[in-house]
Amino acid sequence: MKKQSFLKILALFIVAMFAGFGCSGGKSESKISLADIKDLAKGHALVVAYNDGRALTYDDNGIKPLFKHIDAYGSFKDSYVFDKVTGKASALILAYGGAARLYTGVLSKEAIPVLEKYNIEYSADAIVDYIINRSGDDKCPIEKSVAGIDDPEEAYKVLKEKFN
């Protein structure tokens, strides 16, 4: 982790401790703002920020960071997620992990019904018809693999198998 990123995360943690993030019993309303998540997101592919002040960053491409987080922590429950590019596959993984809020740089129109169905609040800088592949000449193969899938658990299994 870069020193600058670590210092931003540490500063957010300290602010969170003094602001009382997540101190109430039961479900607490998020005090992490869009500005906070945008600041943390600079230079990262994925940021998962929690009300208790923890913020985890990932720098891999594609949906790999989503899997890394799920494998390490089991879910996105009670977090505010920044995902650099969010297509239907990413939205299904976020739904599988129980994410509540998403900010993304690029959001596909195909992801919106998934986010809405699973009550994931979202904000995007840009909305596109679909996510393109790395060479820019076709639809992303990961998106193609979940085209007919609407169930997050099924999508997780299909995508996980694809990566293994």
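1. Contact in these notes means heavy atoms within 4.5 Å. On that basis, and leaving aside neighbours within four places in sequence, H69 is in contact with V48, Y50, L56, Y58, G74, S75 and F76. The residue sits in helix α3, which covers residues 64-73, and H69 counts as buried because its relative accessibility is 0%, where buried means under 20% relative accessible area.

2. The model is predicted, and the points that follow should be read with that in mind. The secondary structure of the protein comes to 7 helices and 5 strands, and these are arranged along the sequence in the pattern α-α-β-β-α-β-α-β-α-β-α-α. Of the 164 residues in the protein, 42% are buried. Among contacts between residues at least 6 apart in sequence, 43% join residues that are at least 24 apart.

3. Helix α4 deserves a point of its own. This helix is mostly covered, with 8 of its 9 residues buried, and the buried ones are K88, A89, S90, A91, L92, I93, L94 and A95. These buried residues pack against α3, β3, β4 (101-108), α5 (112-117), α6 and α7, so the list of partners takes in both helices and strands. Just after α4, G98 takes a positive phi of about 75°.

4. How do the axes of α4 and α7 cross, and at what angle? The axes of α4 (residues 88-96) and α7 (residues 152-163) come within 8 Å and cross at roughly 115°, and the crossing in which α4 passes α7 is left-handed. On the α4 side the contact is made by A89, L92, I93, A95 and Y96, and on the α7 side by P152, E153, A155, Y156 and L159. By class, this contact has 9 nonpolar residues, no polar residues and 1 charged residue.

5. Two loop positions are worth checking against the display. D78 lies in the loop between α3 and β3 and is partly exposed, because its relative accessible area of 43% falls between the limits of 20% for buried and 50% for exposed. D78 and D52 are 26 residues apart in sequence, and their C-alpha atoms are 9.8 Å apart in space.

6. The other loop position is A147, which is placed between α6 and α7. A147 counts as partly exposed because its relative accessibility is 49%. A147 and A89 are 58 residues apart in sequence and 8.5 Å apart in space, C-alpha to C-alpha, and A89 is one of the α4 residues that make the contact with α7.

7. Which residues are closest to the centre of the largest pocket? About 580 Å³ of space lies in this pocket, and of the 26 residues that line it, the closest to its centre are N61, G62, V85, I131 and R134. The elements that give two or more residues to the lining are β3 (79-86) and α6 (141-145). By class, the lining has 14 nonpolar, 6 polar and 6 charged residues.

Terms used. Residues are numbered from 1 along each chain as its sequence is written. This is a predicted model: local features need pLDDT of at least 70, side-chain atom pairs count only at pLDDT 80 or more; totals for chains, interfaces and linings use all residues. Side-chain values use heavy atoms; hydrogens and water are left out. On a 1 Å grid over the protein atoms alone, a cavity is a set of points where a 1.4 Å probe fits but cannot get out, and a pocket is an open set with protein on both sides within 12 Å along at least five of seven lines; lining residues have an atom within 4 Å of a point. Grid points are joined across faces, edges and corners, and a volume is the space filled by probe spheres set on the points. Helices (H or I, at least four residues) and strands (E, at least two) are DSSP runs, numbered from the N terminus. Ala, Val, Leu, Ile, Met, Phe, Trp, Tyr, Cys and Pro count as nonpolar, Asp, Glu, Lys and Arg as charged, and the others, Gly among them, as polar. Axes are lines fitted to C-alpha atoms, for helices over the stretch in contact, and angles run from 0 to 180 degrees between N-to-C directions. A crossing is left-handed if the near helix is turned anticlockwise from the far one by less than a right angle, and right-handed if clockwise. Buried means under 20% relative accessible area, exposed over 50%, partly exposed in between (1.4 Å probe, protein chains only).
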